[in-house]
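Q: I have a structure here that is new to me. Can we go through some of its side chains?

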Amino acid sequence: EAFSGESKRKQPLVTPKLRFNLSLDTLVQFEKLPRKSEQFIGNKAANFAELYRLSQEASFHVPESAFAIPFSFYFNHTSDESINEKIQDLVNRKEKLSGEKLRDALTELRRAIENKPIEAELICDIESLVLQLGNYKRFRFRSSTNAEDIDGFSGAGLYDSKTGILYDESK
């Protein structure tokens, strides 16, 4: 059928309902995460936590000393009034914005989020957990959202991963 020249009728695109839960407000090691934790930490991190659990029973390794930063931290970071105004403006105008104008508005929003300093308490909590987890100095920080790695959408390549080096303020 695939070579007959006939195409299968495609199913209409369904917008998934993205669920999140902000009640988890501490950094969490993967071995302590409950199953189905994507609502707290995103799909990629929840899938990694599942791989971690499987690795304990099978003979393969995953990166050690892994932990997740729950959605509640991102929510708190973006709760700044100026960032919220930009988000609300985008939501209100989304149908009216064309490709280039939408890209510009999203770039401006991304800059506002990136330029807002991360809370010192979160940095301190991350450093403390990193020290508690072993003698590792380099950590890889990866995105994990509820909008990637879902049925019909991988999100691969949308976000940058960053390396953090303990006590190196340039990283």
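The chat below goes over aromatic rings, a loop residue and a surface patch.

Q: What kind of model is this?
A: It is a predicted model.

Q: How many aromatic pairs does the count come to?
A: Four aromatic pairs. In one of them, the ring centres of Phe67 and Phe139 are 6.2 Å apart with the planes at 50°, so that pair is tilted.

Q: Where in the chain do Phe67 and Phe139 sit?
A: Phe67 is in strand S2 (residues 67–68) and Phe139 in strand S3; they are 72 residues apart, so the pair links distant parts of the chain.

Q: Are those two buried or exposed?
A: Both Phe67 and Phe139 are buried. For Phe139 the relative accessible area is 11%, and the cut-off for buried is under 20%.

Q: How is Tyr136 placed against Phe139?
A: Their ring centres are 6.5 Å apart and the planes are at 90°, so this pair is edge-to-face. Tyr136 is partly exposed, with a relative accessible area of 34%.

Q: Which residues do ring pairs link into a cluster?
A: Phe67, Tyr136, Phe139 and Phe141.

Q: New topic. Where is Phe153?
A: Phe153 is in the loop between strand S3 (138–141) and strand S4 (162–165). Its relative accessible area is 39%, so Phe153 is partly exposed.

Q: What does Phe153 touch?
A: Leaving out residues up to four places away in sequence, Phe153 touches Ala147, Glu148 and Leu158.

Q: Which residues form the nonpolar patch on the surface?
A: Leu51, Leu54 and Phe60, with about 240 Å² of accessible area together. Leu51 belongs to helix H2 (residues 43–57), and at 41% relative accessibility Leu51 counts as partly exposed.

Notes:
Residues numbered from 1 in each chain as written. Predicted model: local features only at pLDDT ≥ 70, side-chain atom pairs only at ≥ 80, totals over all residues. Heavy atoms only, no water. Patch = residues over 30% accessible without salt bridge, like charges linked within 9 Å, V, L, I, M, F, W, Y side chains within 5 Å. Areas by Shrake-Rupley, 256 points an atom, 1.4 Å probe, with all protein chains shown as cover. Salt bridge = Lys/Arg side-chain N within 4 Å of Asp/Glu carboxyl O. Helix = DSSP H or I, 4+ residues; strand = E, 2+ residues; numbered from the N terminus. Buried < 20%, exposed > 50% of the residue type's maximum accessible area, 1.4 Å probe, protein only. Contact = heavy atoms within 4.5 Å. Phe/Tyr/Trp six-rings, centres within 6.5 Å; stacked < 30°, edge-to-face > 60°.
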